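Q: Could we go through this structure together? I would like to begin with the metal site and then turn to the helices.

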Amino acid sequence: MLDICKLGEEVLREKCTKVTKFDDALRILLDAMYETLEEADGIGLAAPQIGVNQRFFIVSLPDGTQREFINPEITGTSVETNPYEEGCLSLPGVYHDVERPSKVIIKAQKANGEEFTLKASGLMARVIQHENDHLDGVLFIDHLNDRDREKVVHEYNKRQNRQRRGKRN
Ligand code: NI
């Protein structure tokens, strides 16, 4: 299982670079990410969250759908938006509603380099937008107003401190 980077780590705030090598190393990393995601009970994981500053992420939905997106680009979004309570494995334990387009069109490559286009709605559209943000150093809290963001970060820091104290005892 891979270590997941947490809020405050620089790699989460960097703009990632394009993947140029579609080799075994990428496949192995993707497989390790799926395992990590399953272990962490999450539905999406982006490369910077495991300390890799490159443009790719994976999605694994509760209905069993698994998909990887290499060098993704969101090429279309619906005018219609909806709120959804988001969380992030890089900020464990805190959640907040985020308003985003309900549907997206995304262009990306598979692990073998093959290009594809996907029209996504529902949870898939939500996770795609959240994970794609990670590739530009953007976290879900950045979509909140200042007051809500401060509340969420404060709650997160409180939880982290409690955990650290718990470990010492
Ligand atoms: Ni996240």
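The conversation below concerns a predicted model.

Q: Which residues coordinate the nickel ion?
A: The nickel ion is coordinated by C88 through SG, and by H130 and H134, each through NE2, at 2.1 to 2.2 Å.

Q: How are these donor residues spaced in sequence?
A: The spacing of the donor residues is C-x41-H-x3-H.

Q: Where do H130 and H134 lie?
A: Both are in helix α2, which covers residues 122-134. They are four residues apart, or about one turn of the helix.

Q: Is H134 buried or exposed?
A: H134 has a relative accessibility of 1%, and it counts as buried because the cut-off is under 20%. H130 is also buried, with a relative accessible area of 7%.

Q: And how many residues of α2 are buried?
A: Of its 13 residues, 11 are buried, so α2 is largely enclosed by the rest of the structure. Among them are R126, E131 and D133.

Q: Turning to α1, which residues are buried there?
A: The buried residues of α1 are L26, L30, M33, Y34, T36 and L37. They cover an arc of only 165° around the axis, so they are on the same side of α1.

Q: What covers them?
A: The cover includes β1 (44-46), β2 (56-60) and β3 (66-77).

Q: Which residues are exposed on the other side of α1?
A: Those exposed there include D24, A25, I28, E35, E38 and E39.

Q: What comes just after α1?
A: Just after α1, D41 takes a positive phi of about 60°.

Methods: Residues are numbered from 1 along each chain as its sequence is written. This is a predicted model: local features need pLDDT of at least 70, side-chain atom pairs count only at pLDDT 80 or more; totals for chains, interfaces and linings use all residues. Side-chain values use heavy atoms; hydrogens and water are left out. Donors are N, O and S atoms within 2.8 Å of the metal (3.2 Å for Na, K and Ca); water is not among the atoms, so sites may look incomplete. Helices (H or I, at least four residues) and strands (E, at least two) are DSSP runs, numbered from the N terminus. Buried means under 20% relative accessible area, exposed over 50%, partly exposed in between (1.4 Å probe, protein chains only). The arc is that of the directions from the helix axis to the C-beta atoms. Contact means heavy atoms within 4.5 Å.
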